[in-house]
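Biologist: Can you walk me through this one? I'd like to start with the helices.

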Amino acid sequence: GRQVNLVAFVAVKVVQQRDQSYAVAPGMREAISQTIRKRSAAPLAQEAVAIAAGEVVDDSSEKPPPKAYHRFFYFMDYADLANQLFQAGWIEADQHQAILRGVARDKL
């Protein structure tokens with residue numbers, strides 16, 4: 001049968017301790033991210049993202065393979081998450097910039 005994904009992606013916030021050290025070191029976070037990305041459900045294809053957004057997908061034309069959207073993110077702050085989501089193709093440039101503006105505004 002057809003696989004149904006209940007979660008588009010998972011984002012985990014980095015934990016910084018009172019002494020300003022991180023509960024999980026940067027190199028370990030990257031290793032964890034790569035391991036989870038390999039073991040978790042297959043990346044969502046571009047068509048699946050479009051269908052979930054209610055868009056009509058035209059399968060009649062020949063086109064290159066769809067872009068894969070990986071589904072696990074480990075992030076430092078919301079600007080970092082926005083950067084990762086943009087690089088992975090989950091959000092558009094205007095959404096990315098809006099988040100970065102919001103993060104900058106909230107730091108004032």
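**Helices, a salt bridge and a core**

Modeller: Helix α3 (residues 78-88) packs against helix α4 (residues 93-106) at an angle of about 175°, and their axes are 9 Å apart. Keep in mind that this is a predicted model.

Biologist: Are α3 and α4 roughly parallel or antiparallel to each other, and why?

Modeller: Angles over 145 degrees count as roughly antiparallel. α3 and α4 are therefore roughly antiparallel to each other.

Biologist: Which residues make the contact?

Modeller: From α3, Y78, A79, A82, N83 and F86. From α4, A93, H96, I99, L100 and V103.

Biologist: How many of those are nonpolar, polar or charged?

Modeller: Eight are nonpolar, two are polar and none is charged.

Biologist: New topic. How many salt bridges does the structure hold?

Modeller: One. The side chains of R105 and D106 meet in it, at 3.2 Å from N to O.

Biologist: Are D106 and R105 buried or exposed?

Modeller: D106 counts as exposed, at 57% relative accessibility. R105 is exposed too, with a relative accessible area of 54%.

Biologist: Now the inside. Which residues form the largest nonpolar core?

Modeller: That core has seven residues: F73, F75, L81, L85, A88, W90 and I91. In soluble globular proteins, nonpolar side chains tend to be buried together.

Biologist: Which elements give two or more residues to this core?

Modeller: β4 (72-75) and α3. α3 gives the most, with three residues.

Biologist: What is L81 in contact with?

Modeller: Leaving aside neighbours within four places in sequence, L81 is in contact with A11, F73 and F75.

Note on methods:
Residues are numbered from 1 along each chain as its sequence is written. This is a predicted model: local features need pLDDT of at least 70, side-chain atom pairs count only at pLDDT 80 or more; totals for chains, interfaces and linings use all residues. Side-chain values use heavy atoms; hydrogens and water are left out. Axes are lines fitted to C-alpha atoms, for helices over the stretch in contact, and angles run from 0 to 180 degrees between N-to-C directions. Helices (H or I, at least four residues) and strands (E, at least two) are DSSP runs, numbered from the N terminus. Angles under 35 degrees count as roughly parallel, over 145 as roughly antiparallel, 65 to 115 as roughly perpendicular and the rest as oblique. Contact means heavy atoms within 4.5 Å. Ala, Val, Leu, Ile, Met, Phe, Trp, Tyr, Cys and Pro count as nonpolar, Asp, Glu, Lys and Arg as charged, and the others, Gly among them, as polar. A salt bridge is a side-chain nitrogen of Lys or Arg within 4 Å of a carboxyl oxygen of Asp or Glu. Buried means under 20% relative accessible area, exposed over 50%, partly exposed in between (1.4 Å probe, protein chains only). A nonpolar core is a set of buried Ala, Val, Leu, Ile, Met, Phe, Trp, Tyr and Cys residues joined through side-chain atoms within 4.5 Å.
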